[in-house]
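Here is a friendly walk through one protein model, from a strand pair out to the sheet, the core and a few loops. Please keep the structure open as you read.

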Amino acid sequence: MKKIWITDEVLNLLRTMPICDVARQYRWNRNSLSKALRRHRKKELRILKGVEVVPTIELPEPVYPKDARVLIIGDRHSPFSHKKYFEFVCRTRDQFQCDTIVDIGDGLDGHAWSYHEHNPDGYSAGKELQRAREDHDKWYKEFPNVFCCWGNHDELLYRKARTHGLPRNAFKDVKDIMGAPSGWHWAFKWEIDHVIYMHGTGKSGMNAHITWASKNRQSTVIGHVHSHLGVKYMASEKDLIFGMNVGCGLDIKSYAMEYGKDFAERPTLGCGVVLNGKIGIPVPMDLGTKIFFTGDKNEK
Ligand SMILES: [Fe+2]
Ligand SMILES: [Fe+2]
């Protein structure tokens, strides 16, 4: 079989052409090229630094490949996420051949222990956490290594503890609470290929993503603003940066999302991809017709 060398020339071509076209150009088998690429990326691992807001137990530092192809999972608010969101995210990862996964935060909803009014017909706090953990099992299997950003909903458990004067050390680490595998890491923000990944708590509206990028003076990817999904670029004499909001994966029909039922702006379901720290791609989830999720009797 013809030996495949992953040279800079090949990598440059892969930035602009689909992998099948590159394979054809060199007369290589597409799957062999894909395997060679994975081997090459493993060799070029770099240390990833995250900034933790809630102290966690000592762990080996996570690593990510050079020139990463990052998939960003939106706010899932488990166990109240859309039933097709997981499948959509897996498909997007395969479509863009992502090798690095970021969860943008609010993976957990916490309706039962939030500061808001609770639905008396909903789950108890214990049951909701149990359902969220069960819901996460499939994510853990499919995505064994994930860099999670702290979302305002993820922090609710610790905030409640603080409100009642309980010290942080009285509580388990989030990894134990969520039953997550060793490859899942939580931090306030992550930086990969000079792009900042953070939940985005504190800003809202359709321009929150570019506002964050402008404040950070660096390309920035956020979630948090459920009603928008998109990317905006901004250039100066010195650089070109982008802000991207990856949307969310929540289920508007669930009782935990009842507060938004009268809002004119509906959740925009989607996820995101960042290639080599340069190109931000917001990927909307196809919900078929609008009727599908606005409460019509035909909804599935
Ligand atoms: Fe959220
Ligand atoms: Fe949020």
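## A hairpin to start from

Strands S8 and S9 (residues 195–198) pair in the antiparallel sense over four bridges. Strands count as paired if DSSP finds at least two bridges between them, and the elements themselves are DSSP runs numbered from the N terminus: helices are H or I of at least four residues, strands are E of at least two. Two residues separate S8 from S9 in this hairpin, and Asp193 in the turn has a positive phi of about 50 degrees. Across the pair, Ile192 stands opposite Val195 in S9.

The model is predicted: local features need pLDDT of at least 70 and side-chain atom pairs count only at pLDDT 80 or more, while totals for chains, interfaces and linings use all residues. Residues are numbered from 1 along each chain as its sequence is written, with chains lettered from A and ligands numbered from 1 in the order in which they are written.

Strand S8 (residues 189–192) is covered on both faces, with Lys189 and Glu191 buried on one side and Trp190 and Ile192 buried on the other. Here a residue is buried if 20 or more other C-beta atoms lie within 10 Å of its own, exposed if 12 or fewer, and partly exposed in between, with C-beta atoms placed from the backbone.

## The sheet and its helix

S8 also pairs with strand S2 (residues 50–51), in the antiparallel sense and over two bridges; Gly50 has Trp190 as its bridge partner in S8. Six strands make up an open sheet of mixed pairing, in the order S2-S8-S9-S10-S12-S11. Its edge strands are S2 and S11 (230–235), each pairing on one side only. Strands of a sheet pair through backbone hydrogen bonds, either parallel or antiparallel.

Helix H8 (residues 208–216) lies across S9, S10 (220–222), S11 and S12 (240–245), and runs at about 140 degrees to S12. Such angles run from 0 to 180 degrees between N-to-C directions, using axes fitted to C-alpha atoms, for helices over the stretch in contact. Ala208, His209, Ile210, Trp212 and Ala213 are buried in H8, and the buried residues of H8 pack against S10, S11 and S12. Contact means that two C-beta atoms, placed from the backbone, lie within 7 Å. Just after H8, Arg217 takes a positive phi of about 55 degrees.

## The nonpolar core

The largest nonpolar core has 55 residues, of which Val70, Ile72, Ile104, Tyr197 and Val221 touch the most other members. A core of this kind is a set of buried Ala, Val, Leu, Ile, Met, Phe, Trp, Tyr and Cys residues joined through C-beta atoms within 7 Å. Leaving out residues up to four places away in sequence, Ile104 touches residues including Ile72, Cys149, Tyr197, Val221 and Val246.

## Loops worth a look

His77 sits in the loop between S4 and H4. Although not a glycine, His77 has a positive phi of about 50 degrees, and it counts as buried because it has 26 C-beta neighbours inside 10 Å. Pro79 lies in the loop between strand S4 (69–73) and helix H4 (85–96), and the peptide bond from Ser78 to Pro79 is cis, with omega near 10 degrees.

His153 belongs to the loop between strand S6 (146–149) and helix H6 (156–163). Beyond its neighbours within four places in sequence, His153 is in contact with His77, Asp106, Leu108, Asp109 and Gly110.
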